[in-house]
Amino acid sequence: MEETLLTANNIWMMVCTGLVFFMHLGFSFLEIGLTRQKNTINILFKNVFIICVGLLLYCFIGFNLMYPGSFIGGILPDYFIGLFGLSVPEGGLTAAYADGGYTYWTDFLFQGMFAATAATIVSGAVAERVKIGSFMLFSIIYVGVVYPIAGSWKWGGGFLDEWGFYDFAGSTLVHSVGGWAAIVAVYLLGARIGKFSKDGKVNALPGHNIPMATAGVLILWLGWFGFNGGSVLSADPGATSLTLVTTCLAAAAGGVSAFIISTILYKNYDLTMFLNGILGGLVGITAGADQMAPTDAIIIGVVAGVIIVLGVAFIDKLKLDDPVGAIAVHLICGIWGTLAVGIFGAMAGLNQFLVQLAGVAIIGAFCVVSAFIILIIIKKTIGLRVTKEEELEGLDLHEHGGMEAYPDFRMNQH
C-alpha cells in the first residue's frame, strides 16, 4: 500500500513537473508577442538559454544551496563544505523520503523547473535593448546563487520558515525574486528609444503578435496547474483539488477585473490588460492557494486585476520601460499575494500579516541589493545596453547574424 501511494504521488509530481516546464513555452510566446518582430530570435534565444543553463546550475549548485540541511548564523546555507552536484540520500527513492510524496530525483527536477523562472521574468522586462551576453552572465549568477539562497530561508527550513512566513508556491520566493531584479535592471538600462517623449508622454510600442501573446498566457494558465498543484507535494485529493480551484478562480477574476477597470479608465477593450490581469491573479493566489476558500481566491484575483491596470500606469509614470508588464504582474502582484495570506483564508490574522510583511521586505532588500551589485558591475565592465544602431535595427540582425523569425512573412521591422 505504501509503495502504491508513493507511485501515485510521484506520478502526479512528474506530471506537474512537465506542466511547469511547459510554462517556459508560455513565457516565450508572451514575451515575443508583446515585443517587436525584429527582436524575436533574441528573445527566444534568451528563454532557451535560461531553461538549459538554469537546470544545469540547479544541479551543480542550486538544489543543495536551497536545501542545505543547516545554516551558518541562521542565514547562510551551510552548503559549500559539502559536495557539488546531486547525490541520492539514504531512502531517497522510497516512501521514507518527503513523507512518501515523491522521490529525490522528482524533488530535484520539480524544484529545478521553478529556478529558471526568476530569470525569465527579468528577460521580459529588459527585452529589446539588453546585451545578450550581459543578460546571460546576470542570469547565471542570479539563478545559480541569489534565487536558491532566498528560497532556502523559507523552503529550505531557514529563519523565515522558523518565523512562520508562508509562501505556498512562490508569490515572493519565485515571482517577486524575479520582479525585484527586473525593476533594478529596467532602471539601470533605461527606456527603449521612443518609449517616452521629451514632454513626458508615454508612447506605445506595440507588440507584433498578439495572438502569440494570448497563446502564451493560456499556456501559462495551464502550466500553473502544475506550478501550484505540484506544490502540494503529493497527490492528496483534497489539497490538490482545492488548490486547482482557487488557482483558476483567481486567474479568471484577475482577468475580468483588469478588463473592467481598463475599459472604464481608457474606454477601450484592451486585450493585453485582460491577459496580464489573468497572470496577476495567478501570481496573487500562488502564496496561499492551499489556504483559501473560493470566495477568498476571487477577491484576491479581483484586487490583482486592479493592481495590474494601476501598476502598469504607475511604472510608466516612473519612466520605467517594461515591455511586457512583468514588474506589475510578478513583483507588485507577488507582494499582494504574499500579504493576502495574512488577510484571507485559514491563516489570516495580524501576526501572520506582519510576518508576511517582514518576509516581503527581507527578500526584497536582499534581491534588490544583490541584483544591483551584479548589474552595476556588468554595466561598468562589459556594458548592459546595446548601441542605438543595434536597437533601432533589431537585435536579431546584430546579435544573431540576421536570422529572421518569419522569413516568408516579412513585416515592418520597426
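## A salt bridge at Arg-385

Arg-385 is partly exposed, with a relative accessibility of 26%. This comes from a predicted model. The side chain of Arg-385 meets that of Glu-391 in a salt bridge, 2.8 Å from N to O. Glu-391 is buried, at 2% relative accessible area. Elsewhere, salt bridges with shared partners join Arg-36, Glu-128, Arg-192 and Asp-321 into one network.

## Other salt bridges

The whole structure has six salt bridges. One of them pairs Lys-46 with Glu-31, with the closest N and O atoms 3.9 Å apart. This pair links distant parts of the chain: Lys-46 sits in helix α2 and Glu-31 in helix α1, 15 residues apart. Lys-46 is buried, with a relative accessible area of 0%. Glu-31 also counts as buried, at 3%.

Lys-154 and Asp-161 form another salt bridge, 2.8 Å from N to O. Lys-154 is buried at 12% relative accessibility. Asp-161 is partly exposed at 33%.

## A buried charge without a salt bridge

Asp-396 lies in helix α15, residues 395-399. Asp-396 is buried but has no salt bridge. The nearest side chain of opposite charge is Lys-46, 9.6 Å away. A polar atom of the Asp-396 side chain lies 3.1 Å from the backbone nitrogen of Thr-40. Beyond its neighbours within four places in sequence, Asp-396 contacts several residues, among them Gln-37, Asn-39, Ile-41 and Gly-402.

## A nonpolar patch

Val-256, Ile-260, Ile-264, Leu-265, Tyr-266 and Leu-310 make a nonpolar surface patch of about 540 Å². Helix α9, residues 237-266, gives the most to this patch, with five residues. Tyr-266 belongs to helix α9. Tyr-266 is partly exposed, at 42% relative accessible area.

Note on methods
Residues numbered from 1 in each chain as written. Predicted model: local features only at pLDDT ≥ 70, side-chain atom pairs only at ≥ 80, totals over all residues. Heavy atoms only, no water. Patch = residues over 30% accessible without salt bridge, like charges linked within 9 Å, V, L, I, M, F, W, Y side chains within 5 Å. Areas by Shrake-Rupley, 256 points an atom, 1.4 Å probe, with all protein chains shown as cover. Salt bridge = Lys/Arg side-chain N within 4 Å of Asp/Glu carboxyl O. Helix = DSSP H or I, 4+ residues; strand = E, 2+ residues; numbered from the N terminus. Buried < 20%, exposed > 50% of the residue type's maximum accessible area, 1.4 Å probe, protein only. Lys, Arg positive; Asp, Glu negative; His and termini not counted. Polar contact = N/O pair within 3.5 Å; in protein donor to acceptor, adjacent residues only side chain to side chain. Contact = heavy atoms within 4.5 Å.
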